[in-house]
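Please look through the sequence and the structure shown below before reading on. The briefing that follows goes through a few helices and their surroundings, topic by topic.

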Amino acid sequence: MELQKTPARNLDKFIEDYLLPDTQFRRQVREAIDIICSFLKERCFRGAAHPVQVSKVVKGGSSGKGTTLKGRSDADLVVFLDSFKSFREQFERRAEFIEEIRRQLEACQREKRFDVQFEVQGQQWARPRALSFVLTSPQLNEGVEFDVLPAFDVLGKQRHLSDAMQNNTIAWAVEEPARRLCCGPGQVTTSYRPDPDIYVRLIKECQSLGKEGEFSSCFTELQRAFLRQRPTKLKSLIRLVKHWYQKCKEKLGKPLPAQYALELLTVYAWEQGSRQTEFNTAQGFQTVLELVLKYQQLCIYWTKYYSFDDPVIGQYLKRQLKKPRPVILDPADPTGNVGGGDPCSWPRLAQEARAWLSYPCFKNWDESPVGSWDVGPEEDSEDDTLTWAERAYYQCDDGWRPEFPQTGSTRQRASAPDAEENWTCTIL
């Protein structure tokens with residue numbers, strides 16, 4: 001069934017039937033990832049002229065966040081290399097490591113070491129961020145597309161993130177009948193926040209290179225953690241929004257906003273409008289599309305991993321938030337405004353969103369509108385730098401609290417991480 005013809009009451013079934021990956025699909029993608037991980041660990045840099053140590057390989061993108069769409073066989077693998085000692089060195093030397101990975105993949109193909117076929121994609125840029133290739137195997141129903149991204153292990157120098165992320169899951173129990181949200185017994189509520197010096201260094205090197213948002217892959221583990229403890233139904237809503245975005249992309253072509261911006265916009269809509277583990281999917285979907293219509297007012301960021309406390313980071317954030325709307329900052333990388341890009345992209349997507357709001361997927365059985373959540377943007381506050389629409393949340397031991405004054409307090413109930421989201425390959 002086409003999404004635009006699906007009644008609002010059937011959206012959850014649409015997601016279950018058409019968007020959620022099945023067990024066999026997940027297993028096949030996982031097997032493909034294991035093949036590439038073994039290659040990166042055991043073969044890829046073994047014959048390099050200079051010693052190359054792979055500290056860990058982390059699954060990123062939709063596969064790492066647990067928001068993969070059914071039938072879209074793609075995976076991002078971030079290879080953290082000890083050879084990179086700075087962000088600048090990653091930028092300047094990344095191409096040589098990508099070329100070495102390419103050579104070794106093609107050698108494996110010639111030597112038939114694996115029962116697979118590697119179709120390496122051509123590079124479009126002089127300084128490519130990733131090596132893109134397709135892995136096929138008799139055991140796989142279809143090829144799996146890979147992007148392998150060499151990265152500077154800036155977080156690993158401070159603390160082993162795999163352990164930190166295990167301690168970062170906050171689970172909440174609902175007590176009846178008052179439905180008060182409280183911390184469950186024996187659950188760890190320790191939050192992880194990188195040393196501010198990491199972000200100070202990031203900001204300075206990005207400014208020096210003129211490459212804001214260039215190093216988001218270095219913070220893949222934080223991007224994963226930002227979503228991994230979210231309710232399962234919110235991840236399903238993200239899948240629905242991504243499916244809608246892909247349909248818009250097929251119809252409109254480029255330019256369009258980054259898909260990651262739509263994912264973060266969905267999280268923001270849920271945080272501000274619902275914060276419940278169970279909610280009306282159609283209302284959440286409509287809220288996201290209405291926010292797309294308000295793109296000229298959007299200024300969204302989070303202070304889970306960075307904040308205004310450090311003077312360098314604080315001043316930089318204020319400059320970021322004064323940029324032309326929409327501003328949607330990567331929660332793991334303050335230099336990445338994923339809401340930016342081609343100024344024509346948001347108007348084109350907004351025009352399509354306006355047309356979609358008249359479709360059956362936003363109407364009740366009696367043809368009445370499903371409505372949406374009460375989500376800003378709102379009026380400016382007395383502070384001429386920030387507005388009430390520019391809300392950020394930080395994580396504390398008893399849930400989520402607003403960074404700026406707001407009546408009452410809010411908490412979230414988080415779902416247990418899915419098994420596929422915990423994938424990290426650490427080289428010992």
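The buried residues of helix α11 are covered by elements that include helix α6 (196–209) and the strands β8 (299–300), β9 (327–330) and β10 (333–337). Please keep in mind, while reading the points below, that this is a predicted model.

**Helix α11**

- In helix α11, which spans residues 311–321, the buried residues are Ile313, Gly314, Tyr316, Leu317, Gln320 and Leu321.
- Because these residues cover an arc of only 165° around the axis, they lie on the same side of α11.
- At the start of α11, a side-chain oxygen of Asp310 comes to within 2.9 Å of the backbone nitrogen of Val312.

**Helices α1 and α10**

- Helix α1 (residues 11–19) packs with helix α10 (residues 281–293) at an angle of about 85°, and their axes are 8 Å apart.
- With that angle, α1 is roughly perpendicular to α10.
- On the α1 side the contact involves Leu11, Asp12 and Ile15, which meet Thr281, Ala282 and Phe285 in α10.

- Is Glu100 buried or exposed? Its relative accessibility is 12%, so Glu100 counts as buried, the cut-off for buried being under 20%.
- Glu100 belongs to helix α4, which covers residues 87–111.
- If its neighbours within four places in sequence are left aside, Glu100 is in contact with Cys44 and Phe45.

Conventions. Residues numbered from 1 in each chain as written. Predicted model: local features only at pLDDT ≥ 70, side-chain atom pairs only at ≥ 80, totals over all residues. Heavy atoms only, no water. Axes fitted to C-alpha atoms, helices over the stretch in contact; angles between N-to-C directions. Helix = DSSP H or I, 4+ residues; strand = E, 2+ residues; numbered from the N terminus. Parallel < 35°, antiparallel > 145°, perpendicular 65-115°, else oblique. Contact = heavy atoms within 4.5 Å. Buried < 20%, exposed > 50% of the residue type's maximum accessible area, 1.4 Å probe, protein only. Arc of directions from axis to C-beta. Polar contact = N/O pair within 3.5 Å; in protein donor to acceptor, adjacent residues only side chain to side chain.
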